[in-house]
Amino acid sequence: MQTDTLPTTKRQPHLRQPRLGGSASNFATNKPHCFFAHVAFAFDPRSHAAPQATANLLIEIGYAALESANRKKHVALSGLDEAHKAQLASETAMAAATEYLKAEPEFRQFPAQRFVNFEVAQPTHISVQPPVTKVLANGARIWRLAESEADKLRGEPRSLRFPDIEDRLAAHPFLKGMSPHHMELLALSAMPTEFDAGQIVFRAGEPANGFYLLETGRVVVEAKAEDGRSVPIDTVSAGEPLGWSWLFPPYLWEFDARASEPCSAICFSGILLRQHRDDDLTLSHELHKRLSEVMVRRLQAARNRLISK
């Protein structure tokens, strides 16, 4: 079964520029945003690795669909930069795919549904584009693809690209004690990455498309002072998680993060992880519990630093 794909390069591993969210260079305002989705269906949520049915979709989000989605947020579309439009488009595309699949009789019998692969797509990669399957009320267009056409859009199975990802997850202190089922779900959203010393991991105000588990190295979290200077407010070390803005709307980073030394990390796709979390309340509970404990520890450490000054 195929898994979600994210780009893997040493210099550009950020989740702020993945296929899920895109960047200004990837999208022009007058062009639609296109996404490929590979969805698995099963009778038991734990059997996602051996689904009873699958669907391959190409979803096109044009200006009308994007404007409709943004209108619900009470923000002018013209006020969003391209990165934020791309993030909004990815959320709109997943919602459109979900709406379409719920209306399909062949999938209603399956209580478990997972977006195993969800990424930006280039529809020109399809040799013969079939007639559109469904146009939703907001203008989103959806194509059902045959396996032969879908194979041109999706990447290699995660088991081929990252064969040790579950072992690396199991070895990380933040995930100690998690069940094998939860590890499998997290692995669907995970990819390894690296940062050079001085490399920006993410910037305040940009879409929070996921979070990181540091395996080696350290990352400094910084805020901007009134004079524009970057002021260190926290340091995240190996064995700790980095970033929780992906959990809370509007899913934007609140601070900057910069690697203070070479780092290796596992990064997670926020949009896929939120779907797995929403589908599995026990996973949601585990993630919130662990992240809450980290938040409390860091707030206490910050308070102690202020008192000691």
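Two rings of Phe, Tyr or Trp (its six-membered ring) count as a pair when their centres lie within 6.5 Å. Keep that in mind for the exercises below, which use a predicted model.

**Exercise 1.** Find out how many aromatic pairs the rule gives, then classify the pair Phe-115 and Phe-118.

*Solution.* Now take Phe-115 and Phe-118, whose ring centres are 6.1 Å apart with 85° between the planes. An angle over 60 degrees counts as edge-to-face, so that's the label here. Phe-115 has a relative accessible area of 1% and Phe-118 is at 0%; the cut-off for buried is under 20%, so both residues qualify.

**Exercise 2.** Work out how the rings of Phe-211 and Phe-268 are arranged, and where in the chain each residue sits.

*Solution.* Geometry comes first: the centres are 4.7 Å apart and the planes make an angle of 10°. Planes under 30 degrees apart count as stacked, so this pair is stacked. Then look up the elements: Phe-211 belongs to strand E8 (residues 210–216), while Phe-268 belongs to strand E13 (residues 263–269). Finally, Phe-211 is buried at 1% relative accessibility, and Phe-268 is buried at 0%.

**Exercise 3.** Name the members of the aromatic cluster that includes Phe-41.

*Solution.* Alongside Phe-41, the cluster takes in Phe-43, Phe-107 and Phe-110.

**Exercise 4.** Decide whether helix H6 is mostly covered or mostly open.

*Solution.* Go through residues 180–188: 7 of the 9 are buried, which makes H6 mostly covered. Among them are His-181, His-182 and Met-183.

Definitions and conventions: Residues are numbered from 1 along each chain as its sequence is written. This is a predicted model: local features need pLDDT of at least 70, side-chain atom pairs count only at pLDDT 80 or more; totals for chains, interfaces and linings use all residues. Side-chain values use heavy atoms; hydrogens and water are left out. Buried means under 20% relative accessible area, exposed over 50%, partly exposed in between (1.4 Å probe, protein chains only). Helices (H or I, at least four residues) and strands (E, at least two) are DSSP runs, numbered from the N terminus.
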